Amino acid sequence: MAVLFMVALVISLPGLINSFQPLFSFDGNSTTHRDITQRAVLRKTAEVCRDIAASEGRDFSLTIDDSLSTDKVQRACSTTGSSTALLSTVIFRTSIANMYFGNAKVDVVFALSEEHHFDDETFQGGRDVITAGVSAVKASVKLENFIAGRWTLGRACHTLQDFYSHSNWVELGNNAPYSTLITPDQPLENLAGLSTPTCRNCTGGNCENNLLPDLLQQGLLTSGYFNVFSSAKPAGKCSHGGSFDQTSRYDPVGGINKDDVGSSHGSLHHKAADLAVNATMELLEDIRLAVGDKNFLRLMGLSQSSVLCFVIDTTGSMSDDIAEAKRVSFDIIDSKRGTQQEPSAYILVPFNDPGFGPLIMTTNADVFKDNINKLSASGGGDIPELCLSGLQLALTAAPPSSEIFVFTDAPAKDAYLKSTITALIESSKSVVTFMLTDVLASRRRRRRSQRVSSRSMSQSDAQLYRDLARASGGQAIEVTKSDLSLATSVIKDSSATAVVTVFQVVRNPGRPDNFTFTVDGSLRNMTAYITGTSSLTFDLTSSTGVSQNSSQSSGPLASFTTAGSLRRLSFNTDNQTGSWEIRVNSNNPYSVKVTGQSSVNFIFNLVEAHKGAHGDFSLKEGRPLSGGNASLLVSVTGSDTVKVTGVTLFDSSGPTEVNGSLQSVGSGNFLVTFSGVPAGEFVVRLRGEDSSSTSRSTQSKSFQRQAPTQIKTSSISVTALANNTNIEPGSTISIPFTVATTTNGVVNDSATGTFTVRANNDRSYTSTSPSTVTIAAGSGGQANGTVTLTAPASAASGSDVTLTIEAENTAANDINYAVLRLSVAAKVTDITRPVCQVVSSSTVCPSSSSLCTSSQWEFIANLTDGINGTGIESVAIRKGNGTLNTSTVAGAGGENITVATYKASCCSQNVELAAVDKVGNVGMCVGQARGSTTTAPVTTAAPNTTSTGGHAESISHYLWISVVVSLLWK
């Protein structure tokens, strides 16, 4: 079975909970926003896969309920179907994590915003938050910007889910979601007025009956008032309740929230959580109808394959490199097209000097091919190029944990972006590998005078790339242009399914050393990469004592090739489990990386505890604090046979290894606590035992995995908090930030000092920020500043912008940062769904079922979005086995009318059409056949311009049919 470990690095701070807990519940019996979001995503994803399988005539045997896991859903959705096939759920799991981290962030950014939590009876405001969020998600998907879509979706889900905990919807006896919350063109009804009393005092701390009987009898909707500063609330109104809510201490005393089992109405907590799951699924279905099944699954992150991402220098000397990038990418595309291993997306960023970009990101392999074919090597009046500017675009566009390949033979002109690139690498956990051709060799560039000059990349120039590769867990491969085709084998290796890092280390300065790593029975196709100078030698020893040295290009353990600084070892055996050793002999810098293919892997995210009414944990951007306490939360999914035996922070330069103490917190989760993490650069290593059937050896079941990305500690704290997570085109947003000096993880309130501030964004939007901030005496050890960011009026709704705020000390030996991703979202004024009106229908269907295939029925409907609407963008068959043709005509009032003509066999009697306007509002047109004893003549419509096929459906008896068309709002 597939196993995935999700690791979250936690900064240990006290906090109290007064909502559905965002991420974690330690009482063992309460449901969190994370649980609700994951359950809904898994169930809806499984439903979509089931429907696709039915339309393609494939079996789908998965039972869709709350016991689903990422492993079960991804395996069921996979067309391979084998229970023993390699399966990586890393991308799927990471995508879901993005959603629930976005969800949890609402309790930080909007902790005191009543509309984001449906507090204070702000039902219209809460629905507006949901409407804006869903519209932004649909706009992002339209641009194939699935990353931004996931974060925005998580935030919208938080507000929707809070409704069921903070209102009295459950107490009113409702067993289905309040669908009006996601249909903004419908009125909110039966709301308790501002002067209507809703609660009475709780009795002896028991609040089960504090809602007024008249309120319940009239079916009036209310929610609790909440304030952490003031006890004021309208007379007779319910409070939210809880220790932070000051309003709950005054009449009517108590609260009505159902945030956990210990809340005021905690007995209804699980019912509220179940309704929140169903409501989230309803919202996901609306998005599915708007974007289509294929894009919906992409939004959910259902993919076994990573993106193919190239950043390419296009100056004059790069023609050979560009040709090789074309060759290897085309080989990957052509060999994997139509398979489960086909890249989930393609990203291309060209750069030179003075330009870089544009970013090309597509899910269409042919579009990628066309764009890479258009690249040509030209220009380049001086050596340095804008390499890091191009890499910045790729890092912010690629999904987390992607692998990015950079081709260049020149130093970086924009080396000042090094700290920004490092921050983005650490934040995204993407791996960057540099293909550096002809380092220290001649580089021919045309000067403006057209004379030719020989230039070279110095060792210090190349060191910048090596440093970035090391931070990301990638490699800096130095090779001649003639040998580049041998080095690009690493690109093909990375595009394989379920690639995991078993062991990785960098020695700089170099020294002879021995390295051990554990090979487990689930690993296949193991490969080792050793980079270093030509004088480097090595020995490889298996668990059985068999050895092979670097003089043997083909030996008993592996075959290897050399391309410049890279030695690539392809292991010959998959079944020698146990402890292996690599001995490297070199006094120059080198790196060792061992990978394989396995379903066993892990991911990690840095999170921090936060105080307040909606306290818990949320995603933390930036580095952990030197000397501070930290914890790793390890969540095991997919197998009950895995036992985690150790999680460590490993600093190979020391070597320092900080061992964590493991504490089970239930449901396969472990809290791993570290005390006083020292200053240094660490990677996360995980060890365990797996007795599952995927382990093909009868020997040791021990395994180890390593996260590629480094975690570097800092004594500087940088916190930034935007007052919004969206930015409208043509508007400016202000982001306040705070810089502090810490000692042993705690702010040093007597410290003083000046820090250099850098604020960069990946879209080159206009921005202002202070160049420095100073911590003055008596300021509590903190300094404040503000960054402004202006989105141009031309910014596309659905895009996003990533802002990095950095603070560096005067010695330039310590730096920390905050990374914020803001969604660009235009305000949507069209909230009305398309309208369906039947024009005509006709049928002549035989009464004999044996003749149904030779007869057809038909109906024609007009679909409109109104004179002030954005216009209908698409019409699709949601249900039915027929053909749809559409055309557009002008209506009498000047509005555009989409004429939909549907034809189907008399063997299929139902049709559902989904009409989507340009901002994603969805209207459903439903046609249903009824039995008739009257013969009706057949009429046909003129041919139309667009044709779409539908799904198969059969009925048990066939009669004369008339068509009834109704409008079903979604």
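**Helix packing, nonpolar cores and selected residues**

Helices H3 and H6 are oblique to each other in this predicted model. Their axes cross at roughly 50° and come within 7 Å, and the crossing is right-handed. On the H3 side, the residues in contact are Ser 95, Asn 98, Met 99, Phe 101, Gly 102, Asn 103, Val 106 and Asp 107. These meet Arg 150, Trp 151, Leu 153, Gly 154, Arg 155, Cys 157, His 158 and Gln 161 of H6.

Helix H3 comprises residues 90-109 and includes Thr 94. With a relative accessible area of 10%, Thr 94 falls under the 20% limit and is therefore buried. When residues up to four places away in sequence are not counted, Thr 94 touches Pro 400 and Ile 603.

Helix H6 runs from residue 146 to residue 166.

The chain as a whole contains 16 helices and 47 strands. Of its 970 residues, 58% are buried. Among contacts between residues at least 6 apart in sequence, 74% join residues at least 24 apart.

The largest nonpolar core has 72 residues. Those with the most contacts inside this core are Leu 153, Phe 163, Tyr 164, Leu 181, Leu 283, Ile 287 and Met 300. Helix H8, residues 269-291, gives the most to the core, contributing 13 residues. Apart from this core lies another, of 36 residues, which includes Leu 391, Ile 425, Val 439 and Ala 476. For Leu 181, once neighbours within four places in sequence are left aside, the residues in contact are Phe 118, Arg 127, Ile 130, Leu 160, Phe 163, Tyr 164 and Leu 188.

Helix H8 also packs against H1, which comprises residues 33-55. The two axes come within 9 Å and cross at roughly 45°. This angle lies between the 35 and 65 degree limits, so H1 and H8 are oblique to each other. Their crossing is right-handed. The contributing residues of H1 are Ile 36, Arg 39, Ala 40, Val 41, Arg 43, Lys 44, Glu 47, Val 48 and Asp 51. They meet Ala 273, Asp 274, Ala 276, Val 277, Asn 278, Thr 280, Met 281, Leu 284, Glu 285 and Arg 288 of H8.

Phe 859 is found in strand E40, which covers residues 856-864. Its relative accessibility is 0%, and Phe 859 therefore counts as buried. Phe 859 and Ser 840 are 19 residues apart along the chain, with their C-alpha atoms separated by 5.8 Å.

Asn 896 belongs to strand E43, which spans residues 896-905. Because its relative accessible area of 55% is over the 50% limit, Asn 896 is exposed. Asn 896 and Asp 865 are 31 residues apart in sequence, and their C-alpha atoms are 7.6 Å apart in space. With neighbours within four places in sequence left aside, Asn 896 is in contact with Leu 863, Thr 864, Thr 888 and Val 889.

Note on methods: Residues numbered from 1 in each chain as written. Predicted model: local features only at pLDDT ≥ 70, side-chain atom pairs only at ≥ 80, totals over all residues. Heavy atoms only, no water. Helix = DSSP H or I, 4+ residues; strand = E, 2+ residues; numbered from the N terminus. Expected span 1.5 Å × (residues − 1). Core = buried A, V, L, I, M, F, W, Y, C linked by side-chain atoms within 4.5 Å. Buried < 20%, exposed > 50% of the residue type's maximum accessible area, 1.4 Å probe, protein only. Contact = heavy atoms within 4.5 Å. Axes fitted to C-alpha atoms, helices over the stretch in contact; angles between N-to-C directions. Parallel < 35°, antiparallel > 145°, perpendicular 65-115°, else oblique. Left-handed = near helix turned anticlockwise from the far one by under 90°.
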